[in-house]
Amino acid sequence: MRLSEIIIPKYWKIFNNRTYKHIILTSGRAGTKSSFAGIRGTFQLIDDASGSVVVLRKRHNKLRKTVYKEMLRGINRLGVPKNKFEITKSPMEITYKKYGTTMYFAGSDGIDDTKGIIDEDKPIKLVILDELTEFFDDGEGEDELSNITATFIRGNSSGFQMIYLYNPPKNPNAPINQWCVKMEERPDCIHIHTDYRDVPVAWLGQNLIDEAEAMKASDEKMYRWVWLGDQVGIDEVIYYMFGPDHMKDVPVPYEDRFSIIAIGGDYGQQNATTFQAAGLDMANRKLRGLGEYYHSGRESGTQKAPSEYAQDFVAFVKELGEKYGTEGTRFYLYLDPSAKGLQEEIKRACRTSGVPVIIRDAENDVKLGISRVQKALTFHILGISPDQENLVRELGVYAYDPKSIEKGKEEPVKIGDHCVDGLRYLVMGMWTKIKHWLPVSEQEDEKEK
């Protein structure tokens, strides 16, 4: 097997180069950095009789479906028979039988978690850190990386290397991007960035290329970030991709009927309480906005008790059922998880009125929720009704705090966000049903979530 046939030219110069202690590999989608790491990690076991490997992610529960599988693919790509290895799942380890060199897999849930992964007989010569952004988003960032380096470099007189893999965040001020800039100044560090254009089309397939070009045509900025891995910067307006096209395909009452109608609810005492509704259009592969309920005590000068909002909710569901439902329509409510009192009032009101609604606590991961709404809008699997006039207004102004962007931690401004929060709850609730309408490459990314 010729290595030049299984790794792209940009990586040739580093494959056998042991002078670099730190190798940072960044890319857009399909840049093959993970494939390179799988090949390089496996090669380490069979090329160096005295050197083992550690593969790390921030969380243990993401290892088996990601890096563990990628390292097994590395064996296949090198053309080495699997019977040359002892491969176990519990614990996750890959050992090259001839030398006894082992690849260990571990999470770094805390800054001290890696200290126990020391191979006394076969020193760790290569550490691969996958999805490095997790170490900055959920961990201690640079401090944690320094601790990991110090743990494994002990006992290595030469040849020790760290490989870091990640897709750069949009924001140039993000801590991981700043860390990379600092690392590039070190003489023992090299940074290589790739994207799908560096990879032979035959390796990727024309369908993937077509997906990239389709995103380029619909949203070039998103394309540059997702496919090219550019640090394109953060738009203050979060849903900048929302426009009139999202309101063109609206359902017509009494003609379009939905077997599932979902509602996202956000509750405020003095602030607005809103219910945002959408119908699941399986035939046209779209979550189509139907209407909204909106009341603000501050704006109207009239406060409402939870029991009154519950009655308004029942009336809203009945109206949706008359306009867009069938005899067997199922209604789902994904409600602000902090609104326990309102949830109980709604349950009571639904029982009393005989309106069957399946009620769930909304999933309130703001960052992930925003990302999913953005995807749904970008790929036009989410439509908004002109009747959702308060939502339309908020979509145009919902923004990140500029000061948070400067700090590299994007936080939405908590003003005028009730309808967009309701929409986020709605999309998160329906995600398992609508994610299959995304392009295949986007679905692959979603397996990480």
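What span should the twelve residues of helix α5 have at 1.5 Å a residue? Helix α5 (residues 142–153) should span 16 Å, and because its end C-alpha atoms are 16 Å apart, the two values agree. The expected span is 1.5 Å times one less than the number of residues.

## Basis of the model

This is a predicted model, in which local features need pLDDT of at least 70, side-chain atom pairs count only at pLDDT 80 or more, and totals for chains, interfaces and linings use all residues. Residues are numbered from 1 along each chain as its sequence is written, and side-chain values use heavy atoms, with hydrogens and water left out.

Helices (H or I, at least four residues) and strands (E, at least two) are DSSP runs, numbered from the N terminus.

The buried residues of α5 are Glu144, Leu145, Asn147, Ile148, Thr149, Thr151 and Phe152. Buried means under 20% relative accessible area, exposed over 50%, and partly exposed in between (1.4 Å probe, protein chains only).

The cover over these buried residues includes the strands β1 (22–27), β2 (52–57), β6 (124–129) and β7 (161–166), together with the helices α4 (133–137) and α6 (175–184). Contact here means heavy atoms within 4.5 Å.

## Packing of α14 and α16

The axes of helix α14 (residues 389–397) and helix α16 (residues 418–434) come within 8 Å and cross at roughly 100 degrees. That makes α14 roughly perpendicular to α16. Axes are lines fitted to C-alpha atoms, for helices over the stretch in contact, with angles from 0 to 180 degrees between N-to-C directions. Angles under 35 degrees count as roughly parallel, over 145 as roughly antiparallel, 65 to 115 as roughly perpendicular and the rest as oblique.

On the α14 side the contact is made by Asn390, Leu391, Glu394 and Leu395, and on the α16 side by His418, Cys419, Val420 and Leu423. By class, this contact has five nonpolar, two polar and one charged residues (Ala, Val, Leu, Ile, Met, Phe, Trp, Tyr, Cys and Pro are nonpolar; Asp, Glu, Lys and Arg charged; the others, Gly among them, polar).

## Cysteines

Cysteine 419 is buried at 0% relative accessible area, and cysteine 350 counts as buried at 6%. A search of the whole structure finds zero disulfides (pairs of cysteine sulfur atoms within 2.5 Å).

## Backbone in the loops

Serine 90 and proline 91 are joined by a cis peptide bond with omega about 5 degrees. Proline 91 sits in the loop between β3 (85–89) and β4 (92–96).

Threonine 32, in the loop between β1 and α2 (33–47), has a positive phi near 65 degrees and is buried at 17%. Glutamate 131, in the loop between β6 and α4, has a positive phi near 50 degrees and is partly exposed at 26%.
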